[in-house]
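Here are my notes on this one, in numbered points. Have the model open while you read.

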Amino acid sequence: MTENKKVIPPYERTAHYYETDRMGIIHHSNYIRWFEETRIHYLEQAGYPYSKMEKDGVMIPVLSAECTYKNAVRFDETVLIYLKITQFNGFKMTIEYIVKGKENGDIKAIGKTRHFFVDSEFKPIRVKDKYPEVYNVFNDNKEEE
């Protein structure tokens, strides 16, 4: 962790009706989408929006995604999604997520995504030298496991 660490607030998300399943709870597939929304939120809050990153020629494909469900989220319930960068070396990255109920703080789900960095031609890249701004936005906010 560096001195440049910026405190990023959690992503706040209210569950939509169309995201529910027949049991009246949020369908499990939506959590992965919420993780993506949280990454976009993170980059905006860090001052380097994903749209700028792509315009600069950097993309971050997902290598894997996982989610463990703890408590159901229902329609119109608001959750806070916390993001933590637990591994980053300028080539690959691991992000962990905790989804908590806004009202009572109960843990709804925990998850993890793994990524790597590619250029606009989908060739793997190391961002430290060629894209120092991209490197810093992740390295300055990574946390040790």
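1. Accessible areas come from the Shrake-Rupley method with a 1.4 Å probe, and for residues only the protein chains shown count as cover. This is a predicted model, where local features need pLDDT of at least 70 and side-chain atom pairs count only at pLDDT 80 or more, while totals for chains, interfaces and linings use all residues. Residues are numbered from 1 along each chain as its sequence is written, and side-chain values use heavy atoms, with hydrogens and water left out.

2. Overall layout. I get four helices and seven strands, where helices (H or I, at least four residues) and strands (E, at least two) are DSSP runs numbered from the N terminus. Along the sequence they come in the pattern β-α-α-β-β-β-β-β-β-α-α. The radius of gyration is 16 Å, close to the 15 Å that the globule rule gives for 145 residues, so the protein is as compact as a globular protein of that length. For the record, that radius is taken over C-alpha atoms, and the rule is 2.2 Å times the number of residues to the power 0.38. The C-alpha atoms fill a box of roughly 50 × 35 × 25 Å along the principal axes.

3. Surface and charge. Buried residues make up 41% of the 145. The accessible surface comes to about 8500 Å², and 49% of it belongs to carbon and sulfur atoms. There are 22 positive and 23 negative charges, and their mean positions are 3 Å apart. Here Lys and Arg count as positive and Asp and Glu as negative, with His and the chain ends not counted; each charge is placed at NZ of Lys, CZ of Arg, CG of Asp or CD of Glu.

4. The core. Which residues have the most contacts inside the largest nonpolar core? They are Met53, Phe117, Val127, Val134 and Phe138, in a core of 36 residues. By nonpolar core I mean a set of buried Ala, Val, Leu, Ile, Met, Phe, Trp, Tyr and Cys residues joined through side-chain atoms within 4.5 Å. At least two core residues come from each of α1 (29-46), α2 (50-55), β2 (58-59), β4 (78-88), β5 (92-101), β6 (107-116) and α4 (132-139). Helix α1 gives the most, with six residues. In soluble globular proteins, nonpolar side chains tend to be buried together.

5. Val127 and α4. Contact means heavy atoms within 4.5 Å. Leaving aside neighbours within four places in sequence, Val127 is in contact with Val58, Phe88, Gly90, Phe117, Pro132, Val134 and Tyr135. The buried residues of α4 are Val134, Tyr135, Val137, Phe138 and Asn139. Their cover includes α1, α2, β2, β4, β5 and α3 (127-130).

6. Tyr11 and Val79. Tyr11 lies in strand β1 (residues 11-14) and counts as buried at 17% relative accessibility. Beyond its neighbours within four places in sequence, Tyr11 is in contact with Trp34, Glu37, Thr38, His41, Val79, Leu80 and Ile81. The C-alpha atoms of Tyr11 and Thr38 are separated by 5.7 Å, though the two are 27 residues apart along the chain. Val79, in strand β4, is buried at 0% relative accessibility. With residues up to four places away not counted, Val79 touches several residues, including Tyr11, Trp34, Val73 and Val99. From Val79 to Val99, 20 residues along the chain, the C-alpha separation is 6.4 Å.

7. Two backbone spots to look at. Most residues other than glycine have a negative phi, and most peptide bonds are trans. Asp76, not a glycine, has a positive phi of about 70 degrees. Asp76 is found in the loop between β3 (62-69) and β4 and is exposed, with a relative accessible area of 52%. Phe122 also has a positive phi, of about 65 degrees, without being a glycine. Phe122 lies in the loop between β7 (118-119) and α3, and at 56% relative accessibility counts as exposed.

8. One more from that loop. Is Glu121 buried or exposed? Glu121, in the loop between β7 and α3, counts as exposed at 58% relative accessibility.

Definitions and conventions
Buried means under 20% relative accessible area, exposed over 50%, partly exposed in between (1.4 Å probe, protein chains only).
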